[in-house]
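I opened this entry to record what I looked up, element by element. My notes follow in the order I took them.

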Amino acid sequence: MTASETRLPPPLFVPDDDLPVIWSPEWAPFLDIDGTLLDIAARPDDVFVPDRLIETLTAIADTCGCLALVTGRSLPQADALFGAGRFDVAANHGAVMRIGGVVCDQAGDPGAAEAMAAALRPAVDRHDGAFVEEKGHSVAVHYRAAPEAEPFLLQAAHEAIRGSGDAWRILIGKAVIEIAPQSATKGTAIARFLADPAYRRRRPFFAGDDTTDEDAFVAVAAAGGLGVLIGPERKTAARYRLPSPGAFRSWLDGSVAGRSG
Ligand SMILES: O=P(O)(O)OC[C@H]1O[C@H](O[C@H]2O[C@H](CO)[C@@H](O)[C@H](O)[C@H]2O)[C@H](O)[C@@H](O)[C@@H]1O
């Protein structure tokens, strides 16, 4: 358990799909991608986006008047999955923000990220199945196919950011070690959205699965909103839980059913 997890309040899980949400302009929906909207796949490019999911998200965005993807993926990756420019996005764990079609914030130097990716490659190449994912404003080292490599890759990531002062931080996700700008998190991304006229005075809703989503759960709770953990039980600042991305997609579908007319 990390130091930040020990400070979390006791979790209150509701392990069914009885979430107290009826979409309306009162709400600002914020949605994580991998492990939340989409099932985890062997590699980042292997994920599947059901057409129906895009239709459902579009219906929710139309009903609420806003909707943002809040993801560790890059902006081009999010657009490739969900349609170019279709949704607002906080990409690279909050480092890159696009609201209303305008990229309004970009934290972290892509040149420095590229240099760190290059510095990581020799260590990564020593482990079959591990690979680097370059995302412009952040870098990910994946080891789903090489789990034994985690401690070595973590050490390499710490070495890669050494000397950067406080500019970069390391996040541990699902079989992935990420290097992202220190100044941005999914929590700062939610706060940034809520300060924008398109999201202001709305009640934030955030669904996420990973420990890297806890900043967002905390931000949403602080703003009087509602957090939903997707996946198995664990300590979390989310108030509700659904067991899987499939269960969450079913709930999303049901939440818009019959509201199109
Ligand atoms: O914040 P998210 O939208 O949840 O993105 C987090 C990272 O997701 C991706 O990696 C994860 O999903 C892959 C596909 O299922 C899986 O192969 C990998 O093991 C997971 O770590 C993505 O590749 C990263 O860039 C995101 O930061």
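**Entry 1. Model.** I am working from a predicted model. I keep that in mind for everything below.

Entry 2. Eight strands make an open sheet, and I read their order as 5-4-3-2-1-10-11-12. The pairing in this sheet is mixed. I then looked for the edges. Strand 5 (102-106) and strand 12 (240-242) are the edge strands, each pairing on one side only. Neighbouring strands here are turned by 20° against each other on average, with direction ignored.

**Entry 3. An antiparallel pair.** I followed strand 5 to its partner. Strand 4 (residues 96-99) pairs with strand 5 over four bridges, in the antiparallel sense.

**Entry 4. Strand 10.** Is strand 10 enclosed or open to the outside? I counted buried residues. Five of the six residues of strand 10 (residues 203-208) are buried, so the strand is largely enclosed by the rest of the structure. The cut-off I used for buried is 20 or more other C-beta atoms within 10 Å.

I looked at both neighbours of strand 10. Strand 1 (residues 27-31) pairs with strand 10 in the parallel sense over five bridges. Trp27 has Arg203 of strand 10 as its bridge partner. Strand 11 (residues 226-230) also pairs with strand 10 in the parallel sense, over four bridges. There, Gly208 has Leu229 of strand 11 as its bridge partner. Next I traced the connection. From strand 10 the chain passes through helix 7 (residues 214-222) to strand 11, and this β-α-β crossover is right-handed.

Entry 5. Four strands form an open sheet in the order 6-7-9-8, and the pairing is antiparallel. Strand 6 (131-134) and strand 8 (168-172) are its edge strands, each pairing on one side only. From one strand to the next, the twist averages 20°.

Strand 7 and strand 9 pair in the antiparallel sense over four bridges. Ala140 has Glu178 of strand 9 as its bridge partner.

**Entry 6. Helices on this sheet.** Which strands does helix 4 lie across? I found strand 6, strand 7 and strand 9 under helix 4 (residues 110-125), which runs at about 170° to strand 6. I repeated this for helix 5 (residues 150-161). Helix 5 lies across strand 7, strand 8 and strand 9, and runs at about 15° to strand 9.

**Entry 7. The ligand shell.** How many residues surround the ligand? I got 24, and the closest are Ile33, Asp34, Pro44, Thr71 and Gly72. I then asked which elements contribute. Strand 7 (139-142) and strand 9 (176-181) are the elements that give two or more residues to the shell.

**Entry 8. Pro197.** I finished with a loop position. Pro197 sits in the loop between helix 6 (186-195) and strand 10. Is Pro197 buried or exposed? Pro197 has 8 C-beta neighbours inside 10 Å, so I marked this residue as exposed. The cut-off for exposed is 12 or fewer. I also checked a distance. Pro197 and Leu153 are 44 residues apart along the chain, and their C-alpha atoms are separated by 42 Å.

How values were computed:
Residues numbered from 1 in each chain as written. Predicted model: local features only at pLDDT ≥ 70, side-chain atom pairs only at ≥ 80, totals over all residues. Pairing = 2+ DSSP bridges. Right-handed = clockwise from strand over helix to strand, strands pointing away. Near = placed C-beta within 6 Å. Axes fitted to C-alpha atoms, helices over the stretch in contact; angles between N-to-C directions. Contact = placed C-beta atoms within 7 Å.
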